[in-house]
Amino acid sequence: MNEAKAKLHVLSEFTYTPSTVERGYTGQTLYVNVGDGTIKGKPVTEDMKEKFIGGRGFDLWLLWQGINDSTKWNDPENEIVIASGPCGGTTQYPGSGKSIAVSISPLTHVPIDSNAGGHYGPYLKFSGWDAIEVQGKAEKDVFVYVDGPAGIVQIIEAPEDSPTDTHMLGHWLNDHFAASEKDKQQMSFVTAGIGSDHSYIGCLNFSLYDRKRHDLRYKQAGRGGIGTVFRDKKIKALIVKSFPVKGDSNHPADMERIAATGADMQHEVATFDPVQNRMRSRGTSYLVQIMNDYDLLPVHNYKFGAHPDTPKINGDIWEAQYTQNMPDGCWYGCTVACAHAVDAYEVRTGPYKGQRVIVDGPEYETIAGCGSNCGIFEPWALLEINFYCDTYGIDTISFGTGMAFVMECYEAGILDKEKTGGLDLHFGKAEETLEVMHQLARGEGFGKIFGMGIRQMKQYFVEHFDADPQFVQDIGMEAKGLEYSEYLTKESLAQQGGYGLTNKGPQHDEAWLIFMDQVNNQLPTFEDKAEALHYFPMWRTWFGLCGFCKLPWNDVVDPKNSLSAEPAKIPHHVQNYVEIYSGVTGKEVTTDDLIDMSERVYNLQRVMNIRLGYGLRDHDAIPYRSAGPVTEEEYLSRQERYDDQIREWFDKDPETMTTQEKMALHREYREGRYEKLIDAVYKRRGWSPNGVPTVEKLQQLGIDYPDVVAIVKKYL
Amino acid sequence: MILVNQKHQVAWHKGITIRDVLKIMNYTYPHMAVRVNGTPVLDDQYDTYTIPDEADVRVIHLIAGG
Ligand code: SF4
């Protein structure tokens with residue numbers, strides 16, 4: 001026992017005998033109420049496993065039961081639920097250790113799901129719990145401590161002098177909860193930071209102990225403000241101490257099947273990654289230059305798709321900055337190992353100025369969102385923003401997209417130095433961007449306004465700064481209240497749907513169809529797009545049910561895949577997942593079964609949105625910047641393309657029209673086709689024209705529970 | 001004339017290869033599935049496979065985002 005831990009004040013304690021994991025499940029979930037101190041186990045029923053599988057499915061099902069029809073994000077009954085999934089914790093197949101967190105979002109007011117690497121989810125399972133469900137609000141800051149080997153769960157008062165910011169808190173937790181190096185390896189934390197205390201864009205950090213660096217690393221469940229909910233509940237950290245991880249910790253049904261499938265995939269990674277995306281040396285940063293080359297990189301708040309300075313922040317730059325030859329998998333056995341870091345970065349601004357820290361990343365979304373989208377092409381600034389977002393507990397995507405919106409508002413005259421407290425926020429202003437970040441973390445000045453997120457900033461700018469409501473609506477890149485992730489969608493109708501027709505808001509992990517649609521031209525009709533907007537969101541949902549990372553599915557592939565009938569689906573990798581799932585759980589499934597599993601969860605999430613007063617057609621609207629050019633500057637930057645489209649689509653001569661007339665014509669057409677896309681997608685998904693899953697659909701999926709049916713019936 | 005992805009016209013000349021077309025189209029992504037008139041062409045043939053006039057060339061980028 002660590003002596004420092006013995007001095008901490010335990011508010012509530014529960015003892016248990018950890019169930020052994022059998023075929024990927026422990027058969028129990030953990031319920032913790034930090035408000036009233038209740039801690040208990042709940043059984044996982046066969047029906048729950050059959051219908052909701054695990055991970056995001058379990059999270060949503062537990063949340064469904066924990067909340068009522070009027071629960072708001074900051075009500076005590078809102079929950080944060082975290083689970084990995086039946087295959088989570090597998091070490092033979094790359095990318096098998098993800099955790100998914102779900103909660104009602106302060107940005108969207110409906111459930112958000114956000115996945116992260118790190119060790120928490122698998123360690124929780126290997127400590128006896130398939131999921132953790134945290135409800136209530138504590139009076140003072142607390143830790144929730146799960147110790148599998150000791151068989152205890154405790155709610156512990158966090159001392160006032162314990163840090164909140166992640167990189168400081170992690171060390172403090174190791175000092176207080178780990179008695180040895182071995183303990184550190186068996187522990188993982190979920191933390192946020194003071195940015196989560198003062199904004200709606202808070203993220204969660206999931207730790208892993210890096211055995212080579214002898215230090216903590218963090219992966220982020222960034223989207224939707226779950227960090228904000230976490231701090232609103234006054235949780236400082238979730239801590240787990242696990243039994244040691246072994247190759248068969250999941251006690252799978254068929255170890256040989258898993259090992260054989262894993263060996264094939266590991267061979268594929270070793271052979272092809274060096275000549276394809278080079279994830280092992282550059283991670284997702286390789287995408288920066290690719291997106292720029294195809295005019296898809298968000299630049300200056302999604303006005304443009306490329307910038308001449310992109311080579312200053314592309315994958316080559318980061319490959320040189322990332323510390324190489326380190327094991328950078330975010331779970332054991334992930335040979336794709338894309339989770340790179342920059343070691344010993346010396347912080348230049350803010351409260352940690354002068355400290356040397358590990359910066360986890362930056363990954364593509366951070367580089368594009370906080371870099372090109374804000375006109376910032378200085379690597380040091382991106383490292384600094386990345387570090388502070390993580391340690392303050394702020395989502396880099398919402399931060400980058402939000403700052404890009406603010407910068408355009410500044411350049412459009414909606415904001416000026418007087419309104420920003422003296423900050424010049426033109427595109428490209430790196431130091432000032434960091435100052436907004438520090439203000440946000442302190443809950444002060446313009447940073448506090450910024451921390452509300454784009455949707456609330458729009459309203460604030462209209463009410464306080466006389467902004468034109470239509471203009472800020474058009475250029476503020478949020479839908480459902482969530483900031484867009486970092487891809488330009490104007491020329492891909494399917495991807496407009498990939499962002500707009502989501503349950504949680506515009507995050508690309510549901511559907512990423514830009515190349516299939518815009519470049520490959522594989523989805524020429526509305527029906528083709530609708531089919532893709534059915535299949536891919538369901539397929540991608542499946543990773544989150546089982547504890548998988550999406551990247552090994554399609555970021556390294558045997559070239560022979562190009563000979564398959566549907567190369568975009570990467571059929572031999574889909575088959576690998578069938579093998580692993582069946583090998584772990586002992587249930588024989590087909591590739592179609594995987595889609596059915598997701599459809600159940602996806603439709604439950606849709607009904608949950610409706611239950612909470614959202615989830616209808618109106619809520620699937622997108623800002624016009626996502627569909628076409630809002631400003632003359634934007635139109636003129638791609639005039640040749642837009643003029644050609646006027647000839648092709650309308651059989652008109654653009655030479656005889658003013659720019660405003662041409663823009664109006666484009667807008668009418670582009671907005672109209674988005675509505676047609678919605679019709680086609682709803683039909684394919686088995687939803688009514690108002691976006692409501694039909695009773696027949698719920699019956700077909702086997703989730704026609706009386707309370708679920710009662711909700712949809714009100715709208716059918 | 002060569003039709004790329006049923007959308008873009010590329011001028012044909014004798015001996016034009018897959019690599020030439022990828023360069024003209026600025027297709028820089030390293031992992032693609034290419035078919036010429038329905039026949040798959042593997043990446044080790046991009047420099048040598050010559051495309052006939054009027055060919056229907058499909059270049060499927062196997063990229064599916066973050
Ligand atoms: S592919 Fe990258 S993000 Fe996914 S599990 Fe492996 S290291 Fe983590």
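Glu671(A) is partly exposed, with a relative accessible area of 36%, where partly exposed covers the range between buried (under 20% relative accessible area) and exposed (over 50%), taken with a 1.4 Å probe on protein chains only. The model described here is predicted, so local features need pLDDT of at least 70 and side-chain atom pairs count only at pLDDT 80 or more, while totals for chains, interfaces and linings use all residues. Residues are numbered from 1 along each chain as its sequence is written, chains are lettered from A and ligands numbered from 1 in the order in which they are written, and side-chain values use heavy atoms, with hydrogens and water left out.

Glu671(A) forms a salt bridge with Arg667(A), with 3.0 Å between the closest N and O atoms; the term stands for a side-chain nitrogen of Lys or Arg within 4 Å of a carboxyl oxygen of Asp or Glu. Both residues belong to helix 28 (residues 659-685) of chain A and are four residues apart, about one turn of the helix. Helices (H or I, at least four residues) and strands (E, at least two) are DSSP runs, numbered from the N terminus. Arg667(A) is also partly exposed, at a relative accessible area of 22%.

Over all chains, the count comes to 55 salt bridges. One of them joins Arg223(A) to Asp395(A), the closest N and O atoms being 2.9 Å apart. Arg223(A) sits in the loop between strand 12 (215-221) and helix 8 (226-232) of chain A, and Asp395(A) in the loop between helix 14 (379-392) and helix 15 (396-411) of chain A, so the pair ties together parts that are 172 residues apart in sequence. Both Arg223(A) and Asp395(A) are buried.

A further salt bridge pairs Arg356(A) with Glu346(A) (3.0 Å, N to O). Here Arg356(A) is exposed, with a relative accessible area of 56%, and Glu346(A) is partly exposed, at 38%. A network of salt bridges links Asp210(A), Arg213(A), Arg217(A), Asp328(A), Asp343(A) and Asp360(A).

Turning to the interior, nonpolar side chains in soluble globular proteins tend to be buried together. A nonpolar core is a set of buried Ala, Val, Leu, Ile, Met, Phe, Trp, Tyr and Cys residues joined through side-chain atoms within 4.5 Å. The largest such core has 229 residues, of which Met291(A), Val406(A), Phe450(A), Phe461(A), Trp539(A) and Trp542(A) touch the most other members. Helix 22 (residues 526-546) of chain A provides the largest share of this core, 11 residues. Leaving aside residues up to four places away in sequence, Phe450(A) touches several residues, among them Ile201(A), Phe399(A), Val406(A) and Met457(A), contact meaning heavy atoms within 4.5 Å. A second, separate core of 18 residues includes Tyr145(A), Ala158(A), Ala178(A) and Leu216(A).

Finally, the two chains meet through 32 residues of chain A in contact with 22 residues of chain B. The area buried between chain A and chain B is about 2300 Å², with carbon and sulfur atoms giving 55%; buried area is the accessible area (1.4 Å probe) that two parts lose on being put together, summed over both. Between chain A and chain B the count is zero salt bridges. On the side of chain A that touches chain B, helix 11 (287-293), helix 21 (514-519) and helix 23 (551-554) of chain A each give two or more residues, and helix 11 of chain A gives the most, with four residues.
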